[in-house]
Amino acid sequence: MGELRSADLQLPSPVTELHDDRLAARRVRVLLKRDDLIHPELPGNKWRKLKYNVTAARELGLGTLLTFGGAYSNHIRATAAAGHYWGFNTIGVIRGEEHLPLNPSLAYAAGRGMQLTYLDRTSYRANASDEVTDSLHRKFGDFYLLPEGGSNTQALPGCAELVAELTEPFDVLFCAVGTGGTLAGIAAGLSANQQVVGVPVLKGGAYLENEIIELQERTYGSRVGEWRLDCGYHFGGYAKRTLELDDFIDDFESRHGLLLDWVYVAKMMFALFDHVSRGAFPDGTTIVALISGSSDIPEP
(Lines give C-alpha, C1' and ligand atoms only; values in the text may rest on other atoms or scores of the structure.)
Protein backbone atom coordinates (compact mmCIF):
# COMPACT_ATOMS: atom_id res chain seq x y z
CA MET A 1 0.00 0.00 0.00
CA GLY A 2 1.38 3.38 -0.95
CA GLU A 3 1.39 6.56 1.10
CA LEU A 4 0.64 10.02 -0.22
CA ARG A 5 2.05 12.81 1.93
CA SER A 6 1.40 16.52 1.60
CA ALA A 7 4.98 16.89 0.38
CA ASP A 8 4.12 14.72 -2.64
CA LEU A 9 1.44 17.18 -3.80
CA GLN A 10 2.39 20.26 -5.79
CA LEU A 11 0.25 22.79 -3.92
CA PRO A 12 -0.60 25.41 -4.64
CA SER A 13 -0.52 24.30 -8.24
CA PRO A 14 1.55 26.54 -10.54
CA VAL A 15 0.16 29.56 -12.37
CA THR A 16 1.85 30.61 -15.60
CA GLU A 17 1.00 33.34 -18.08
CA LEU A 18 0.14 32.27 -21.62
CA HIS A 19 1.94 34.46 -24.13
CA ASP A 20 0.05 34.38 -27.44
CA ASP A 21 -0.22 37.02 -30.15
CA ARG A 22 -3.96 36.39 -30.49
CA LEU A 23 -4.44 37.39 -26.87
CA ALA A 24 -2.08 40.35 -27.10
CA ALA A 25 -4.01 41.66 -30.10
CA ARG A 26 -7.13 41.84 -27.95
CA ARG A 27 -5.22 43.14 -24.89
CA VAL A 28 -6.34 40.17 -22.82
CA ARG A 29 -4.16 38.24 -20.37
CA VAL A 30 -4.61 34.52 -19.81
CA LEU A 31 -3.15 32.72 -16.80
CA LEU A 32 -2.98 28.93 -16.80
CA LYS A 33 -3.85 27.33 -13.46
CA ARG A 34 -1.91 24.07 -13.80
CA ASP A 35 -3.94 21.76 -11.60
CA ASP A 36 -2.84 18.92 -13.87
CA LEU A 37 0.51 19.12 -12.07
CA ILE A 38 -0.80 18.54 -8.52
CA HIS A 39 0.01 14.82 -8.69
CA PRO A 40 0.41 12.46 -11.67
CA GLU A 41 -2.23 10.04 -10.34
CA LEU A 42 -4.53 12.53 -8.61
CA PRO A 43 -4.50 15.52 -10.93
CA GLY A 44 -6.49 18.66 -10.57
CA ASN A 45 -10.14 18.67 -9.74
CA LYS A 46 -10.03 14.93 -8.98
CA TRP A 47 -7.80 15.48 -5.98
CA ARG A 48 -9.79 18.53 -4.90
CA LYS A 49 -13.07 16.57 -5.04
CA LEU A 50 -11.69 13.52 -3.27
CA LYS A 51 -9.83 15.38 -0.50
CA TYR A 52 -12.75 15.89 1.91
CA ASN A 53 -14.60 12.77 0.79
CA VAL A 54 -11.66 10.63 1.90
CA THR A 55 -11.66 12.45 5.25
CA ALA A 56 -15.41 11.82 5.64
CA ALA A 57 -15.06 8.13 4.80
CA ARG A 58 -12.34 7.75 7.41
CA GLU A 59 -14.36 9.59 10.06
CA LEU A 60 -17.30 7.25 9.36
CA GLY A 61 -15.02 4.24 9.78
CA LEU A 62 -15.69 3.00 6.25
CA GLY A 63 -12.79 1.18 4.63
CA THR A 64 -14.17 0.93 1.09
CA LEU A 65 -14.81 3.62 -1.53
CA LEU A 66 -17.35 2.72 -4.23
CA THR A 67 -17.99 4.88 -7.25
CA PHE A 68 -19.29 4.89 -10.82
CA GLY A 69 -17.84 5.73 -14.21
CA GLY A 70 -17.45 4.89 -17.84
CA ALA A 71 -14.71 2.70 -19.24
CA TYR A 72 -12.40 5.71 -19.75
CA SER A 73 -13.32 7.64 -16.60
CA ASN A 74 -10.63 9.84 -15.05
CA HIS A 75 -12.64 9.74 -11.82
CA ILE A 76 -12.44 5.94 -11.69
CA ARG A 77 -8.66 6.13 -12.04
CA ALA A 78 -8.35 8.84 -9.40
CA THR A 79 -10.51 6.93 -6.91
CA ALA A 80 -8.36 3.83 -7.43
CA ALA A 81 -5.24 5.93 -6.76
CA ALA A 82 -6.82 7.48 -3.65
CA GLY A 83 -7.57 4.02 -2.30
CA HIS A 84 -4.03 2.85 -2.98
CA TYR A 85 -2.38 5.82 -1.29
CA TRP A 86 -4.76 6.31 1.62
CA GLY A 87 -5.47 2.71 2.54
CA PHE A 88 -9.02 2.13 1.23
CA ASN A 89 -10.44 -0.74 -0.73
CA THR A 90 -12.03 0.55 -3.92
CA ILE A 91 -14.85 -0.67 -6.13
CA GLY A 92 -15.52 0.76 -9.57
CA VAL A 93 -18.99 0.24 -11.04
CA ILE A 94 -18.43 0.53 -14.79
CA ARG A 95 -21.09 1.42 -17.35
CA GLY A 96 -21.73 -1.34 -19.89
CA GLU A 97 -20.34 -4.82 -20.39
CA GLU A 98 -16.90 -6.13 -19.50
CA HIS A 99 -14.41 -6.16 -22.37
CA LEU A 100 -11.12 -8.00 -22.14
CA PRO A 101 -8.34 -7.18 -22.26
CA LEU A 102 -9.02 -4.10 -20.15
CA ASN A 103 -8.40 -0.73 -21.76
CA PRO A 104 -5.52 1.33 -20.31
CA SER A 105 -7.78 3.32 -17.95
CA LEU A 106 -9.37 0.26 -16.37
CA ALA A 107 -6.08 -1.64 -16.37
CA TYR A 108 -4.57 1.21 -14.38
CA ALA A 109 -7.48 1.15 -11.91
CA ALA A 110 -7.19 -2.60 -11.47
CA GLY A 111 -3.43 -2.23 -11.04
CA ARG A 112 -4.10 0.13 -8.15
CA GLY A 113 -6.24 -2.53 -6.49
CA MET A 114 -9.71 -1.50 -7.62
CA GLN A 115 -12.34 -4.24 -7.91
CA LEU A 116 -14.27 -3.72 -11.13
CA THR A 117 -17.92 -4.62 -11.57
CA TYR A 118 -20.28 -3.78 -14.40
CA LEU A 119 -23.83 -2.47 -14.83
CA ASP A 120 -25.79 -2.69 -18.06
CA ARG A 121 -26.50 0.73 -19.53
CA THR A 122 -30.18 0.75 -18.56
CA SER A 123 -29.43 0.00 -14.90
CA TYR A 124 -26.49 2.39 -14.95
CA ARG A 125 -28.73 5.33 -15.86
CA ALA A 126 -30.38 4.81 -12.46
CA ASN A 127 -27.07 4.54 -10.59
CA ALA A 128 -28.10 7.20 -8.07
CA SER A 129 -31.31 5.38 -7.14
CA ASP A 130 -31.90 3.66 -3.80
CA GLU A 131 -32.60 0.43 -5.66
CA VAL A 132 -29.14 0.34 -7.26
CA THR A 133 -27.44 1.44 -4.02
CA ASP A 134 -29.24 -1.22 -2.00
CA SER A 135 -28.29 -3.95 -4.47
CA LEU A 136 -24.64 -2.85 -4.28
CA HIS A 137 -24.73 -2.95 -0.48
CA ARG A 138 -26.14 -6.48 -0.62
CA LYS A 139 -23.30 -7.49 -2.91
CA PHE A 140 -20.37 -5.61 -1.34
CA GLY A 141 -21.40 -4.74 2.22
CA ASP A 142 -20.63 -1.35 3.75
CA PHE A 143 -18.94 1.30 1.61
CA TYR A 144 -18.59 5.06 1.22
CA LEU A 145 -20.52 6.06 -1.90
CA LEU A 146 -18.96 8.54 -4.31
CA PRO A 147 -21.26 9.66 -7.14
CA GLU A 148 -20.23 9.51 -10.77
CA GLY A 149 -17.65 12.24 -11.33
CA GLY A 150 -17.19 12.70 -7.59
CA SER A 151 -19.43 15.79 -7.35
CA ASN A 152 -21.17 16.01 -3.97
CA THR A 153 -21.33 18.29 -0.94
CA GLN A 154 -17.91 17.11 0.24
CA ALA A 155 -16.34 17.87 -3.16
CA LEU A 156 -17.30 21.52 -3.48
CA PRO A 157 -15.26 22.95 -0.57
CA GLY A 158 -12.11 21.36 -2.00
CA CYS A 159 -12.76 22.99 -5.36
CA ALA A 160 -13.54 26.35 -3.74
CA GLU A 161 -10.04 26.38 -2.23
CA LEU A 162 -8.56 26.78 -5.71
CA VAL A 163 -9.60 30.44 -5.85
CA ALA A 164 -7.59 31.34 -2.73
CA GLU A 165 -4.48 30.01 -4.46
CA LEU A 166 -4.79 32.66 -7.19
CA THR A 167 -2.74 35.56 -5.88
CA GLU A 168 -2.98 37.70 -9.03
CA PRO A 169 -6.22 39.61 -9.57
CA PHE A 170 -8.43 38.16 -12.29
CA ASP A 171 -11.82 38.84 -13.83
CA VAL A 172 -12.98 35.57 -15.38
CA LEU A 173 -12.15 31.90 -14.85
CA PHE A 174 -12.82 29.33 -17.57
CA CYS A 175 -13.24 25.65 -16.67
CA ALA A 176 -14.45 22.52 -18.42
CA VAL A 177 -17.67 21.03 -17.07
CA GLY A 178 -18.48 17.33 -16.79
CA THR A 179 -20.82 16.90 -13.83
CA GLY A 180 -20.60 20.50 -12.62
CA GLY A 181 -18.98 20.01 -9.22
CA THR A 182 -15.77 21.86 -10.03
CA LEU A 183 -17.62 24.94 -11.29
CA ALA A 184 -20.05 24.83 -8.36
CA GLY A 185 -17.18 24.88 -5.87
CA ILE A 186 -15.04 27.46 -7.65
CA ALA A 187 -17.99 29.83 -7.95
CA ALA A 188 -18.44 29.67 -4.18
CA GLY A 189 -14.87 30.90 -3.69
CA LEU A 190 -15.13 33.97 -5.93
CA SER A 191 -14.87 37.57 -4.86
CA ALA A 192 -17.21 40.28 -6.07
CA ASN A 193 -16.82 41.18 -9.77
CA GLN A 194 -15.34 37.78 -10.64
CA GLN A 195 -17.16 35.14 -12.64
CA VAL A 196 -16.76 31.58 -13.89
CA VAL A 197 -17.58 30.47 -17.42
CA GLY A 198 -18.17 26.72 -17.57
CA VAL A 199 -17.83 24.84 -20.85
CA PRO A 200 -19.83 21.58 -20.83
CA VAL A 201 -18.05 18.84 -22.75
CA LEU A 202 -21.19 16.82 -23.42
CA LYS A 203 -23.97 17.51 -25.88
CA GLY A 204 -27.12 19.06 -24.46
CA GLY A 205 -25.29 20.28 -21.38
CA ALA A 206 -27.81 23.01 -20.53
CA TYR A 207 -29.48 20.65 -18.03
CA LEU A 208 -26.34 20.96 -15.90
CA GLU A 209 -27.40 24.42 -14.76
CA ASN A 210 -30.08 22.89 -12.54
CA GLU A 211 -27.64 20.20 -11.36
CA ILE A 212 -25.11 22.85 -10.34
CA ILE A 213 -27.73 24.95 -8.57
CA GLU A 214 -28.90 21.86 -6.68
CA LEU A 215 -25.32 21.01 -5.69
CA GLN A 216 -24.74 24.54 -4.40
CA GLU A 217 -28.06 24.58 -2.52
CA ARG A 218 -27.24 21.28 -0.80
CA THR A 219 -23.76 22.51 0.13
CA TYR A 220 -24.23 26.23 0.83
CA GLY A 221 -27.99 26.68 1.12
CA SER A 222 -28.44 28.71 -2.07
CA ARG A 223 -26.96 29.45 -5.47
CA VAL A 224 -23.66 31.24 -4.90
CA GLY A 225 -21.14 33.10 -7.03
CA GLU A 226 -21.39 34.58 -10.50
CA TRP A 227 -21.29 31.80 -13.09
CA ARG A 228 -22.73 30.72 -16.40
CA LEU A 229 -22.50 27.86 -18.86
CA ASP A 230 -21.57 28.08 -22.53
CA CYS A 231 -22.87 24.92 -24.16
CA GLY A 232 -21.68 25.55 -27.70
CA TYR A 233 -18.30 23.80 -27.59
CA HIS A 234 -19.02 20.09 -27.08
CA PHE A 235 -17.75 19.13 -30.58
CA GLY A 236 -20.35 16.39 -30.94
CA GLY A 237 -20.64 15.22 -27.35
CA TYR A 238 -18.70 13.63 -24.53
CA ALA A 239 -15.43 12.05 -25.73
CA LYS A 240 -16.24 13.24 -29.27
CA ARG A 241 -13.82 15.25 -31.34
CA THR A 242 -13.64 16.91 -34.75
CA LEU A 243 -10.87 17.88 -37.14
CA GLU A 244 -11.35 21.50 -36.05
CA LEU A 245 -10.67 20.58 -32.43
CA ASP A 246 -7.71 18.38 -33.38
CA ASP A 247 -6.21 21.21 -35.42
CA PHE A 248 -6.60 23.55 -32.45
CA ILE A 249 -4.88 21.04 -30.15
CA ASP A 250 -1.99 20.58 -32.59
CA ASP A 251 -1.59 24.33 -33.07
CA PHE A 252 -1.69 24.98 -29.32
CA GLU A 253 0.98 22.37 -28.67
CA SER A 254 3.13 23.82 -31.44
CA ARG A 255 2.84 27.33 -30.01
CA HIS A 256 3.07 26.56 -26.29
CA GLY A 257 4.51 23.06 -25.85
CA LEU A 258 1.45 21.88 -23.95
CA LEU A 259 -0.70 19.00 -25.21
CA LEU A 260 -4.28 19.68 -24.12
CA ASP A 261 -6.52 16.88 -22.91
CA TRP A 262 -9.01 16.57 -25.76
CA VAL A 263 -11.95 15.26 -23.70
CA TYR A 264 -12.16 18.26 -21.35
CA VAL A 265 -9.46 20.93 -21.41
CA ALA A 266 -9.11 21.44 -25.16
CA LYS A 267 -12.82 22.21 -25.54
CA MET A 268 -12.62 24.76 -22.74
CA MET A 269 -9.53 26.39 -24.21
CA PHE A 270 -11.07 26.50 -27.69
CA ALA A 271 -14.07 28.29 -26.20
CA LEU A 272 -11.82 30.78 -24.42
CA PHE A 273 -9.93 31.69 -27.60
CA ASP A 274 -13.16 31.91 -29.56
CA HIS A 275 -14.61 34.34 -27.03
CA VAL A 276 -11.44 36.43 -27.13
CA SER A 277 -11.39 36.49 -30.96
CA ARG A 278 -14.98 37.80 -30.98
CA GLY A 279 -14.10 40.63 -28.61
CA ALA A 280 -16.19 39.28 -25.75
CA PHE A 281 -13.88 40.78 -23.12
CA PRO A 282 -12.83 44.42 -22.72
CA ASP A 283 -9.22 45.55 -22.90
CA GLY A 284 -7.28 44.67 -19.78
CA THR A 285 -9.32 41.60 -18.86
CA THR A 286 -7.40 38.87 -17.03
CA ILE A 287 -8.70 35.33 -17.55
CA VAL A 288 -7.68 32.22 -15.64
CA ALA A 289 -7.89 28.97 -17.62
CA LEU A 290 -8.11 25.91 -15.39
CA ILE A 291 -5.98 23.06 -16.74
CA SER A 292 -7.85 20.48 -14.69
CA GLY A 293 -6.17 17.32 -15.90
CA SER A 294 -4.40 15.50 -18.70
CA SER A 295 -5.14 12.53 -20.89
CA ASP A 296 -1.94 10.75 -19.81
CA ILE A 297 -2.43 7.45 -17.98
CA PRO A 298 0.43 6.82 -15.53
CA GLU A 299 1.85 3.39 -14.83
CA PRO A 300 0.39 1.85 -11.66
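Select Arg34, in the loop between β2 (29–33) and α2 (44–59). The model is predicted. Is Arg34 buried or exposed? Arg34 counts as buried, because its relative accessibility is 15% and the cut-off for buried is under 20%. Now show its contacts beyond four places in sequence: Ser13, Pro14, Thr16, Leu258 and Ile291.

**Along α2**

Move on to α2, a helix of 16 residues. Its end C-alpha atoms are 24 Å apart. At 1.5 Å a residue the span should be 22 Å, which agrees. Centre the view on Leu50. A kink of about 30 degrees in α2 is centred there.

Colour α2 by burial next. Leu50 is among its buried residues, and so are Gly44, Asn45, Lys46, Trp47, Arg48 and Lys49. Further along, Asn53, Val54, Ala56 and Ala57 are buried too. What do the buried residues of α2 pack against? Show β2, β3 (64–69) and β6 (144–145), then α3 (74–86), α7 (155–164) and α8 (181–188). Step just past the helix to Gly61, where phi is positive, about 75 degrees.

**Salt bridges**

Side chains of opposite charge can pair when their charged atoms come close. The count here is 18 salt bridges.

Start with Glu17 and Arg29, whose side chains meet at 2.9 Å, N to O. This pair links distant parts of the chain: Glu17 lies in strand β1 (residues 15–18) and Arg29 in strand β2, 12 residues apart. Glu17 is partly exposed at 33% relative accessibility. Arg29 is also partly exposed, with a relative accessible area of 29%.

Jump to Arg241 and Asp246. Their side chains form a salt bridge at 2.9 Å, N to O. Arg241 is partly exposed, at 41% relative accessible area.

Now pick Asp20, Asp21, Arg22, Asp251 and Arg255 together. Salt bridges that share partners join these residues into one network.

**Finish at α11**

Select residues 265–277, helix α11. Its 13 residues reach 18 Å from first C-alpha to last, close to the 18 Å expected at 1.5 Å a residue. How many residues of α11 are buried? The count is 11 of the 13, so the helix is largely enclosed by the rest of the structure. Among them are Val265, Lys267, Met268, Met269, Phe270, Phe273 and His275.

Asp274 is partly exposed, at 24% relative accessibility. Display its side chain with that of Arg278: the two meet in a salt bridge at 3.4 Å, N to O. End on Gly279, which follows α11 and has a positive phi near 70 degrees.

Note on methods. Residues are numbered from 1 along each chain as its sequence is written. This is a predicted model: local features need pLDDT of at least 70, side-chain atom pairs count only at pLDDT 80 or more; totals for chains, interfaces and linings use all residues. Side-chain values use heavy atoms; hydrogens and water are left out. Helices (H or I, at least four residues) and strands (E, at least two) are DSSP runs, numbered from the N terminus. Buried means under 20% relative accessible area, exposed over 50%, partly exposed in between (1.4 Å probe, protein chains only). Contact means heavy atoms within 4.5 Å. The expected span of a helix is 1.5 Å times one less than its number of residues. The bend at a residue is the angle between axes fitted to the seven residues ending there and the seven starting there. A salt bridge is a side-chain nitrogen of Lys or Arg within 4 Å of a carboxyl oxygen of Asp or Glu.
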